[in-house]
Structures are given as C-alpha cells and as structure tokens.
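Trainee: Before the terms are applied, may I ask on what basis each one is used?
Mentor: Please have the sequence and the model in view.
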Amino acid sequence: MPANLTPEYLKAEQRFKEARSSAEKIVALEEMLTAIPKHKGTEKMQAELKRRLKKLHGAGQKKSAAKHALPVYYVKHEGAGQVALVGPPNSGKSSLLAALTHATPEVADYPFTTRLPLPGMMPFENIQIQLVDLPPLHADFPESWVPQAIRNADAVVLVLDLSEAAVLEQLTELLAQLEQAKISIGQRGGEPAWGFLSKPALLVGSHCDLPGAEDNFQVLAELWRERFRLLSVSARTGENLELLRRALFELLGIVRVYTKIRGSKPDRANPFVLPRGATVRDVAERVHKEIVTRLKFARIWGAGKFDGQMVQRDYLVEDNDVIELH
Ligand SMILES: Nc1nc2c(ncn2[C@@H]2O[C@H](COP(=O)(O)OP(=O)(O)OP(=O)(O)O)[C@@H](O)[C@H]2O)c(=O)[nH]1
Ligand SMILES: [Mg+2]
C-alpha cells in the first residue's frame, strides 16, 4: 500500500534531516508522527518514528535537562506557514511584527534591540500565518543561530529601511550573509546551487512614510524586480499593510479549499490549506484516508469552472475552490 505522505509530513521530515540537536530532532519527529497519514501502509514507518523518539528521549534522560532544552532559534511551526523577518539592524522588523500580529516585541530607535526569535500569528482572511521576528543579520555582530532560524522557516521577508541612504549596500550585505549561510532566496523558480537551501522571498521596504523613501524604493525596484517581488510599507502609518498580508499569503504558495456534502454549504471559516499544485486526491486524503480509496470523482465550484463541474482525482485545485467528494 503506498504511504501517500502529506506535504506537512515531508516538511517535518526535512526539518528532521536538518536538525542538529536531539531536542530539535525530537520536535521534528513528533511533528512527523502527527502529520503521517494513519493507515496500514504507514504502520512500519510509524513504529520506526516511535522507536527513534524513544531512543532520543532515553538519551535525554542521561544528560542534564539544560542540554536538552530546545535550541533558542527553534520556533515550532503553527498556522498555514512560517515566515521569517530578516534584515539589517533597525530596519523595522519588530515594528512590522507588532503591526501585523498581536505580538508585543520590543521596538527601539537603536540597533540590535531584538535578541531572541519572537513569533506572532498574522490573520489573513480565514487563516493565520506565523511571522517570526529575528535579531538583525550583521557581518560584524553575527548571532550564530539566526541562519538556522531562517532555514527553519517556509519563506523569508527581507525588511529594509527605505529612508536609509545606504539601503542598496544594506541589501547587498544581507544577500552576502545569506549566501554565506547557504540560503538561496527569491530566485523565482531557479534551482538553487548544490548544498543551498532555497526559500521564497519578498523584499519589503519599510519607513515609506519618511522623506527619500519613495526615490529609494524606485531604485531598489529597478535593480531587483527580476529577482524579488517588492512592496513599500509603513508600520507607522499602516500604508500597504493589507497588501503585505496578501503578498505573504501568496509567497507561501498555498491554496485554501473547502469541502462540502451534497445539498449543503461549505464551511468557509475552516479551509483545508494545501500547497499550490495539490489535487482533488490530496484534498480527499486530508479529509480522511479512507475516502481516497473510495473516491470516484468530485464536483467543484470556483473561478474559471462551471458550477459543480465534474472532475477526476488528479484535477489541480485552486485557491477558494469548493469541492464535493463522491
Ligand atoms: N517612521 C517610521 N518609523 C519606523 C517604521 N518602522 C519602524 N520604525 C522605527 O524604526 C526604529 C527601529 O524599529 P524596530 O522595529 O525596532 O527595528 P528592528 O529591525 O526590529 O531593529 P533590530 O531589532 O535592532 O534589528 C524604531 O524607532 C521604530 O519606531 C516606519 O514604518 N516608519
Ligand atoms: Mg527588532
């Protein structure tokens, strides 16, 4: 029987492979166990995951508790996706977290204010996206764990202060730092170099309410629009923050679909979130593993389709599709 592993499982497995400490491995294994489809075809895999967990827990008991505390950079994934806020000192990362979520980071007019990762949940329509505020990336004062925190996220937002005269140099410096950490960002579909981890990225220019920001944004866009989607925002005035919410959703490459039973309405408040490229079959699997084997066809409602159009299991679903499984 095929295992039919979900994208969540595969992501957790990737995190397991990249884990350095036992504590990190334990968290990733637990995430894999939660995400693995529970059916006969995965029984051996489930047993293997449990065996490894037990072994890691056993190893932990012999050492001190402190050694097994989670690494500082590890923020457990919650919501529809995790986005890391990355930028030079004082660029407005924490201010964006505060403006978009209920988190209350320290914001100050001097560099290196943020010392630890701080997550916050950003509502976007009917889902929540997790943002993680990080200390600045700076060549002279590197926090050794920040690259690993970036690797742990699903996507990256580069935050630059548009009122800063050296904004272009700051971006070049930032990209060099990421390159050094073997993180390839914003390549728009290109394959990353060998050994590099690729992350989708958005370039956000903050402080757009200040003088000079507009000109700097134009220059940045001229030079970098091939590689990144760019947005200018202000955490102070709120300008373009709604656009930013949508851009973050699009950056994650996910779609929301709703299932319904014949004759009833879908529950629009609780979408299934799947990666772009998911099929009707993937949706069925999410609803219940049993349904996949019995699935004959589906009816679908959404943009560019006839209402209730009949589709097969390999049909690609799109954002906001409503699906009736038969
Ligand atoms: N005018 C204006 N000021 C802003 C904006 N965003 C942030 N600031 C100010 O810029 C300063 C730095 O903001 P932070 O959010 O602490 O910057 P940070 O990137 O988190 O800084 P570090 O944690 O030190 O890397 C603070 O004084 C903020 O009030 C903005 O959009 N417009
Ligand atoms: Mg900060």
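Predicted model: local features only at pLDDT ≥ 70, side-chain atom pairs only at ≥ 80, totals over all residues.

Mentor: Residues are numbered from 1 along each chain as its sequence is written, and chains are lettered from A and ligands numbered from 1 in the order in which they are written.

Trainee: What makes S1 and S4 paired strands?
Mentor: Two strands pair if DSSP finds at least two bridges between them. Four bridges join S1 (residues 82-86) to S4 (residues 155-161), so these parallel strands meet the criterion. Valine 83 stands opposite alanine 155 in S4.

Trainee: Why do S2 and S8 count as edges of the sheet?
Mentor: The open, mixed sheet has six strands in the order S2-S3-S1-S4-S7-S8. Strand S2 (118-124) and strand S8 (229-232) each have a single partner strand, so one side of each lacks a neighbour in the sheet.

Trainee: Which residues are closest to ligand 1, and how many surround it?
Mentor: Ligand 1 is surrounded by 23 residues, the closest being Gly92, Ser94, Ser95, Thr114 and Pro136. A residue is near a molecule if its C-beta atom, placed from the backbone, lies within 6 Å of it.

Trainee: Which helix gives the largest share of that shell?
Mentor: Helix H4 (residues 93-100) does, with three residues; a helix here is a DSSP run (H or I) of at least four residues, and a strand (E) one of at least two.
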